[in-house]
Amino acid sequence: MRWIVNSEEMKACDSNTIGHFGVPSLVLMERAALHVAEQVFSAVPGIRTALLVCGNGNNGADGLAAARMLHLKGCQVTVVQKPDMGKCSRENLFQRDILQRYGIHITEQIPQHIVYDCVIDALFGVGLSRAPSGRYAQWLLQMNELRAYKVAVDLPSGVSADNGEVYDPCFAADLTVTFAYQKAGQILYPGCETCGKVAVVDIGITKESWLDKKPSCFAPEPEDFKMLPQRPKRSNKGTFGRVLAVAGSENMAGAALFCAQAAYAAGCGLVKIYTCASNRTILQTALPEAILSVYPSADLPLDAEEGREQLLADEVSWADVIILGPGIGQTAQARRLVQQVLAAASVPVILDADALNIAAGQLHLLENTAADLVITPHPGEMARLCRKPVPEILGSMRETAEAFAARYDLICVLKDAVTVTAGPSGTCLNTSGCSAMAKGGSGDVLAGMIASLAAQGMQLEDAARMGVYLHGLAGEDAASRKGAYSVLASDLVKAVGNVMDAASRMQTPEIRQKYKKQNHNTEDDD
């Protein structure tokens, strides 16, 4: 996992590097500015003119230092900064003085007569918590209108580092050069859309600078494949766990099929589907490997209902992990299913789809169970669980997932383009996946994958995070073969096998190290 930070955490890490370890702030600043200049020269070959708009804090000082480095490489620089010297940081004043000694003039207005190859935003960095106003807002509007390659220093001005909120106006970057660690606002929507490409650069802040307080947020990466369950040679189907899928209803066989197929594809040894009798032929034809346990589709008389309850109790006791909810509907019978499984289960339960909508009306069900729970809502389902409008959920994905997970002592997988997984060990922001996955059945595949990994022995929280990450990679793999428009849930299931095979090969230290050298543009430490 690689660490993802918010503004407070980044400031603390920076402060510890300076105060505890004694690294001068100007040393960090020079390294930051050098990386900005290098990234600019790489992104804009043959650059001749650059506009740098700088604030009065240390982000602005980074920009001033970068202006000097561009100037010394032959670039004509224009530096814009407010004249309020009394509010400038010590480092900012220091960098201003150096620029003036080199004969670089600092102006208060953006010149209109110069054609710029590159515009660099060094106004606020990670410290902004409200919409830019006054002259700053005017500058940002002018900068966005310029037809030049746009670079943000650490974070585009107008983006919250903490939750990705975008203020108006906001700098629209083609490239963001961020220091030491990626910020949450560069991953979460809508902030990530204003950052362009994000380059994480090493300026000398290391993992030691966290002292005794580590970040609470992280993102998965291929090196984490080392935690996947091993496949010992001496094994049998029981070695790799048993998943019970309480899924499907009349005319909804697909939900049961996809989660069961995905559980098998991700490595589970045995999958049993508990579903209505009308799904028998479809499921036995499409997935003969699955064990079926069926109940009549219609409501039953009392004596027959008692028999069905005993059958369900027996199946619950058979399982190592249970998937509850895909395609079961919200009938009275479905509500009884959810109530009975949660009352009887003592193994992990993955609550998905209809089970979440049923639980939204009976939240006490989440508290009165011996099972460890993973919930996998999309924003609409989360809105019903939280009794809040969907836009409010979309605007606070991380905060919502964390609060709900803490309130009900469970793991919350809040699905979106960037899925947020919140649990006791922290919050994971998923960076895999693509729009090709926005199809019916995709969530059923995810539920099956999470259950499969947990059944094979992974810790439940790790299974949730890794299931989400592998699910996204399967989407990318399927899209590379079929295109962004045509991927179906069945294609995702097929891609799971490709991804699991690649992941198993990544488990060896030699291949992980090779990957790191080829693909990492950061020096972040785990």
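Strand E19, residues 426-429, is covered on both faces. Gly-426 and Cys-428 on one side are buried, as are Thr-427 and Leu-429 on the other. Here, buried stands for a relative accessible area under 20%, exposed for over 50%, and partly exposed for values in between, with a 1.4 Å probe and protein chains only. Strands (E, at least two residues) and helices (H or I, at least four) are DSSP runs numbered from the N terminus. The model is predicted, with local features requiring pLDDT of at least 70 and side-chain atom pairs counted only at pLDDT 80 or more, while totals for chains, interfaces and linings use all residues. Residues are numbered from 1 along each chain as its sequence is written, and side-chain values use heavy atoms, with hydrogens and water left out.

Strand E10 (residues 217-219) runs parallel to E19 and is joined to E19 by 2 bridges. Phe-218 has Cys-428 as its bridge partner in E19. The pairing of E19 with strand E18 (residues 420-423) is antiparallel and comprises 4 bridges. In this pairing, Ala-422 is found opposite Thr-427 of E19. E18 and E19 make up a hairpin, with 2 residues between the strands.

A pair of aromatic rings is described by the distance of the centres and the angle of the planes. Rings of Phe, Tyr and Trp (its six-membered ring) count as a pair if their centres lie within 6.5 Å; planes under 30 degrees apart are stacked, those over 60 edge-to-face, and the rest tilted. The whole structure contains 8 aromatic pairs. One of these is the edge-to-face pair of Trp-3 and Trp-210, with 5.8 Å centre to centre and 85° between the planes. Trp-3 belongs to strand E1 (residues 2-5) and Trp-210 to the loop between strand E9 (197-201) and E10, so this pair ties together parts that are 207 residues apart in sequence. Both Trp-3 and Trp-210 are buried.

Trp-210 also forms a tilted pair with Tyr-181, at 5.5 Å centre to centre and 50° between the planes. Because Tyr-181 lies in the loop between strand E7 (175-179) and strand E8 (182-183), and Trp-210 in the loop between E9 and E10, the pair ties together parts 29 residues apart in sequence. Tyr-181 is likewise buried. Trp-3, Tyr-181 and Trp-210 form one aromatic cluster.

Charges over rings were also identified (NZ of Lys or CZ of Arg within 6 Å of the ring centre and within 35 degrees of the ring normal). Lys-272 lies over the face of Trp-318, at 4.4 Å from the ring centre. Arg-407 is placed over the face of Tyr-408, at 4.4 Å from the ring centre.

Key
Pairing = 2+ DSSP bridges.
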